[in-house]
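Grab your viewer and work through the exercises below. Each one comes with a solution.

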Amino acid sequence: MKLVIDDTRCKGCNLCVMVCPYNIFQEGQQPNQRGVFVPGLDRPERCTNCRLQQLYQRRLCGVCQTICPDQAIRWVQESPFEPQKVVIEY
Amino acid sequence: MSAEDWFREDRLPHIFCAGCGNGTIINCTLEAVDSLGWKIDDTVFVSGIGCSSRAPGYIKTDSLHTTHGRALPFATGVKMAKKDFNVVVFTGDGDLSAIGGNHFIHACRRNIDITVICMNNQIYGMTGGQGSPCTPKGAISTTTPYGMDETPFDLCELASAAGANYVARWTSYHVRELTQAIKNGLQRPGLSFIEVIVQCPTNYGRRNKLRDVQSMITSMKDHALLKEKRDRLLAEGKPIPDDMFVVGTLTDRNRPALGVKE
């Protein structure tokens, strides 16, 4: 699973920065097109939900998603690994 | 289904100010509703007038956006006509305690089987920051420029005294506890009242030296006193600080309820 912030909904209140136990969210530095300082992600693969949601089949932690007043934080399915045929030229 | 499926995606982002906690409470409510497996067609959200009362507009279920303070009488009507429906009322402090105060105590007295979620931002946020009955003592608003000198309403005590079955108070920072409290309230027959203290950085914080969301949340967190701790302090005979408000499940009982399907 992959953590994403929807920058069309985020209003830059930085509540996620305050609550994340892993400090994944960092205060935004650059305003986006709408003038909102959307928080940045610092190594989001550390998030428990990203790593273990598939294994436990339920949402773990998820405080950032619940506290986000703008419903901007969610997890999306990463496209599964597809084995590709390698052509070896002799 | 998940809580995200209850949102009207085409209406988002909502109009609440940056940092307003009303969205958090909608998240918690929808998560609780969703975890109980309620259907969108059997759920009705009712609201009055105010910032908080815009919440049902972002939810897919049927909803009633009613006149100021009269959300509870409308909800009573819905519940009496359709006992199978699950009725949830979103309301604010100005809506519930100021103009709708009388409806509130009578809804608690009748103990109708609805859930009332009061987003108490301690001010009239939508109309420009006038003092409401829940504005704390000493707080500055546009109508109290030298500080509020009246004692605020304690809505949870009022609901308990008037006869509600389940009364709880949390803040918008305590999302896990709030979700659990809403879930308990939804399952309980009779009127369940959940008061949520919510931050309003635009109209309350700006005038009270809590301009950003972080400082408002920190002040809410610091002034919340757990009910268990309050009981312990009382048992030990120690004084309870004046500026603290009690959070937790305050009343949980089984009085006979109105509108419960046999």
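A residue is buried if 20 or more other C-beta atoms lie within 10 Å of its own, exposed if 12 or fewer, and partly exposed in between, with C-beta atoms placed from the backbone. This is a predicted model: local features need pLDDT of at least 70, side-chain atom pairs count only at pLDDT 80 or more, and totals for chains, interfaces and linings use all residues. Residues are numbered from 1 along each chain as its sequence is written, while chains are lettered from A and ligands numbered from 1 in the order in which they are written.

**Exercise 1.** Work out whether B:Gly190 is buried or exposed, and what it touches.

*Solution.* Start with the count: B:Gly190 is buried because it has 24 C-beta neighbours inside 10 Å. Then skip neighbours within four places in sequence, and B:Gly190 is in contact (C-beta atoms, placed from the backbone, within 7 Å) with B:Asn111, B:Asp113, B:Asn165, B:Arg255 and B:Ala257.

**Exercise 2.** Describe the fold of chain A.

*Solution.* Count first: chain A has 3 helices and 4 strands. Now read from the N terminus, and you get β-α-β-β-α-α-β. Finally, of the 90 residues of chain A, 30% count as buried.

**Exercise 3.** Find how many residues meet between chains A and B.

*Solution.* On chain A, 14 residues are in contact with 19 of chain B. For that side of chain A, α1 (15-19) and α3 (63-67) each supply at least two residues, and the largest share, 3 residues, comes from α3(A).

Definitions and conventions. Contact = placed C-beta atoms within 7 Å.
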